[in-house]
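Subject: Structure handover

Hello,

Here is the structure I promised to pass on. My notes follow it.

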Amino acid sequence: MLSSQIGFALRLTALLALCGGSCQATANDLLNNMLQQAIGHAITRGIQNAGNTPPPIGPSSSHPSSPPPSSTVEHDQTVSLDSARDFSPNNINRAWRQPDTVGVAPGAGGAVRGHVEANTSYGGNAESPGVVSMRKKLDALYGMLLKQPPLMSPQGISVVPGGGFANPRPGATTKAVVGGLVVRAYPIKPDHMTTQSYPDGTFHTPGEGCSLNVLVNDTYSLRSSRLLGIYNGMTLFQRGGGYQLVVLNTPRPLLVNGVLNRDLIDPSRPASDIQVLVISVRAPSSSWSDLERGQLHPASGAGRLLGVMFSADWRGLLRQIEFPQGKAS
């Protein structure tokens, strides 16, 4: 089903491309929209690999909604990375503490105002209990992320959100909604034939970009990850070339004797409760190399998304989403 949808989209895109530049832009948007729907059933599998390819937009229908078999992780929860000189994301974080000094990213589109898409398109399962409420929470989270300095009136990139929800695994012991929000940063190419302009003077170039991925109640994504230590009071893992920041909304421990807690997700809680967030950034390998060398510009797509990941008050954002009236459940 997935391959046939993608094949149809590609054929239709090729046909529209024969019309010329304006149709090509339409074709690219159509392809992106169709791929969002088609790939909505295969999201988490791509998100949880901190690799070099662009991410899909939500969880996989085959993705388990219950914790995986126990995985041993290397860990030292006494290590604080907040001010460690050899922890390269701190350079990005320090830059975004003074956003007026960040400047613009190099390149022809560095100073171009980027379009910010207001509405999130979700794929995957939309029928399970709690999905409607969870979608509202993720929409609220997206609005809060747009208020973070790296994404406020962005230059050099456009911002497009997506998301999705996984189907429950047969026989799963937990009813917690498993899903995700993806915030993509697309580099703007002013002279590219597909670049689109908007009435407010902003621009968007379809194609490939980096992404900020926020997974909800997804303990499966932490398997085979290596624990680095603590960042701003939250647990930080490394997976592939990138990082995973874990935010808990449960009294249950993340690790038990150095092993991921199989019972981290409480099955007695409402399905729409956010019990754990796993935040990561996906970017090309060149971005991670630049980061390690101290050469990643904070205003680049990867720099902005890493700025959000490491400077946002995730626990505060989570409290606002879960208890918007300031009341605990």
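Ser-280 sits in strand β12 (residues 276–282). Helices (H or I, at least four residues) and strands (E, at least two) are DSSP runs, numbered from the N terminus. This is a predicted model: local features need pLDDT of at least 70, side-chain atom pairs count only at pLDDT 80 or more, and totals for chains, interfaces and linings use all residues. Residues are numbered from 1 along each chain as its sequence is written, and side-chain values use heavy atoms, with hydrogens and water left out.

**Ser-280**

Ser-280 is buried, at 9% relative accessible area. Buried means under 20% relative accessible area, exposed over 50%, and partly exposed in between (1.4 Å probe, protein chains only). Setting aside neighbours within four places in sequence, Ser-280 contacts Ser-211, Leu-212, Asn-213, Tyr-243, Gln-244 and Met-309. Contact here means heavy atoms within 4.5 Å.

**Strand β3 and its partners**

β3 (residues 179–187) pairs with strand β6 (residues 210–216) in the antiparallel sense, over seven bridges. Two strands pair if DSSP finds at least two bridges between them. Strand β2 (residues 157–165) also runs antiparallel to β3, joined by nine bridges. There, Val-159 has Ala-185 of β3 as its bridge partner. β3 is mostly covered, with eight of its nine residues buried.

**Helix α4**

Helix α4 (residues 89–96) is largely enclosed by the rest of the structure, because six of its eight residues are buried. Those are Pro-89, Asn-90, Ile-92, Asn-93, Ala-95 and Trp-96. The cover over them includes β7 (226–231), β9 (242–248), α6 (285–292) and α7 (301–311).

**Asp-139**

Asp-139 belongs to helix α5 (residues 131–145). Asp-139 is partly exposed, with a relative accessible area of 33%. Not counting residues up to four places away in sequence, Asp-139 touches Thr-120 and Tyr-122. Gly-162 is 23 residues from Asp-139 in sequence, and 9.9 Å away C-alpha to C-alpha.

**Two loop asparagines**

Which backbone angle is positive in Asn-232, although it is not a glycine? Phi, at about 50°. Asn-232 lies in the loop between β7 and β8 (234–239) and is partly exposed, at 33% relative accessibility.

Asn-257 is a residue other than glycine with a positive phi, near 55°. Asn-257 is in the loop between β10 (255–256) and β11 (259–260). At 79% relative accessibility, Asn-257 is exposed.

Best wishes
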